[in-house]
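Please consult the sequence and structure below while reading.

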Amino acid sequence: MSVITVSPPLHQLAPVALTPRGAAAGAAVVVLTDPSKVFCLCRVLTRILTSVQTQSSVGSSCVRRSLCAAAALVSPLKRTAALPLSYMEPELYRAPAAVRGMISLDREAFAQTVTVPALRVPKGVLNKVVKSLKKSTIQRPGVPRVLQDKDKSSEAEDFRLVLLDPHRVSSPGSFSEAEAEALRSFSVSEELQRYELRLTYDNLKTEEVLAAVLPEGQDVTSAFSRVGHIAHMNLRDHQLPYRNLIGQVIMDKNPGVTCVVNKTNIIDSTYRNFKMEVLAGEENMVAKVKENGVTYEFDFSRVYWNPRLSTEHLRVVQLIKRGETVFDVFAGVGPFAVPAARGGANVLANDLNPESYRWLQHNCKLNKVESKVRTFNLDAKTKVHVVMNLPALALEFLDAFRGLLHQDPSCDENLPTVYCYGFSKDDSPEKDMVQRASSSLGFSLEDRCSVHFVRNVAPNKDMMCVRFTLPKEVLFCGGQEQTEPSEEPASKRQKCEEPTD
Ligand SMILES: C[S@@+](CC[C@H](N)C(=O)[O-])C[C@H]1O[C@@H](n2cnc3c(N)ncnc32)[C@H](O)[C@@H]1O
């Protein structure tokens, strides 16, 4: 029977190790009588080491030493360990400490030499070995997995070094059964070599560079939205002193990004565009993007564009059939209007922002749909004026208005379909949307609409779309089924009016 005795029990090691006074961890003693369990145990210890390193740097070195010692006791039992456990140091890829606090990017300062494990593999079986070990070979941006042996002997010519991931392989015992079996079948020695690897700025990932530079323990989120050649960030206050460096790193690590911008204030509440600051790269804000196969161009600093809405644009456009008519009253630069027209719809597209209007027209031309889209630069909530300058006959035309807004059409066939978007912070956003739309229309949409979740824009804040056929009672002013005017508490109304991307 297999017996594993661990003192303290393994599941208690991590919490103990995380106490600031790491000494509390004491020694980890591992007594093992079944060699087949060694491999699992090594894995567990590696994970604990990583967790110790990630979650607490205070007092963890003593804990780490204890655990290393425990793992070192374990690993030789299976196969001969050629490398000390220090290869499992999770901080192996950490940039040199001197870069902490750097404001202006000095790429040279990130260079360092680290020792990684490697296997000497005969050239003849190289490809097969690399394939069999793909989970254990080194995975670093810009670092080759296979290298020439630095040894100048004539025999060395017949071998190559396969670099291994030091976080996975610390001794021959770290190989899985399948990997070990593959090595045996190709007659490759499991003995590990030490390889001195020169790591530079180019071999580090964005988060690794930023974690090394920004004050320890602070969030280094490097998320951005991509709009053509522009990377659009939303930096936190603590990141602002490093903003130019962050911009430069984002540009270096993301091919095709030639400009990095940061939102500098809250979104403009009418035109929904942001003021932004260029952090790195060119000042060119005119972006060219492709969304669902359609190309758009626009000045990103002066119009609204959100790459996260591509699925929603596609969803709605797919509901519109050839020959149907679309009124896109808040059209922006055309992500509903242009593809709808390309699909054969007749489109009337409007936007209040003169810049959006200009790019909307540009995009219609760019996509050769200018004859299918009539564009307007109006306030969507405009009052309608009908001018009838035909003095000889105009008065006789007035009968056209009779019953226009009172006639009750016999069928609902030609009533418009409305897609109305809203933000909701309610526990039941679907219900909230129906209530607010009903209240605004003065007509209950209960059981007469569908509500679609578009995306989560902030914790506890969803973007929703309510879709309904405009009731004839509303359109034709019958008003039989009026709802009470909204008496929602002011706080609830306000919640949904906050500007959000
Ligand atoms: C959230 S954006 C949506 C743009 C586009 N439909 C899209 O999906 O990307 C809303 C648009 O409404 C426009 N807008 C704001 N108030 C308006 C109004 N009163 N009349 C017409 N357009 C308006 C803004 O300029 C902006 O382009």
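By class, the shell around the ligand consists of 10 nonpolar, 5 polar and 4 charged residues; Ala, Val, Leu, Ile, Met, Phe, Trp, Tyr, Cys and Pro count as nonpolar, Asp, Glu, Lys and Arg as charged, and the others, Gly among them, as polar. This is a predicted model, in which local features need pLDDT of at least 70, side-chain atom pairs count only at pLDDT 80 or more, and totals for chains, interfaces and linings use all residues. Residues are numbered from 1 along each chain as its sequence is written.

**Ligand shell**
- The ligand is surrounded by 19 residues, the closest being Phe 330, Gly 332, Leu 352, Asn 353 and Ala 380; a residue is near if its C-beta atom, placed from the backbone, lies within 6 Å of the molecule.
- Domain 3 (221–284) and domain 4 (288–376) each contribute at least three residues to this shell; the bounds come from an automatic or database domain assignment.

- Strands β16 (residues 417–424) and β18 (residues 461–469) pair in the antiparallel sense over 8 bridges; strands are DSSP runs (E, at least two residues), numbered from the N terminus, and two of them pair if DSSP finds at least two bridges between them.
- Cys 420 has Val 466 in β18 as its bridge partner.
- Strand β17 (residues 449–458) also pairs with β18 in the antiparallel sense, over 8 bridges, and Arg 455 has Met 463 in β18 as its bridge partner.
- β17 and β18 form a hairpin with 2 residues between them, and Asn 460 in the turn has a positive phi of about 65°.

**Open sheet**
- An open antiparallel sheet is formed by 4 strands in the order β4-β5-β3-β6.
- β4 (146–148) and β6 (193–199) stand at the edges with a single partner strand each, so one side of each is left without a neighbour in the sheet.
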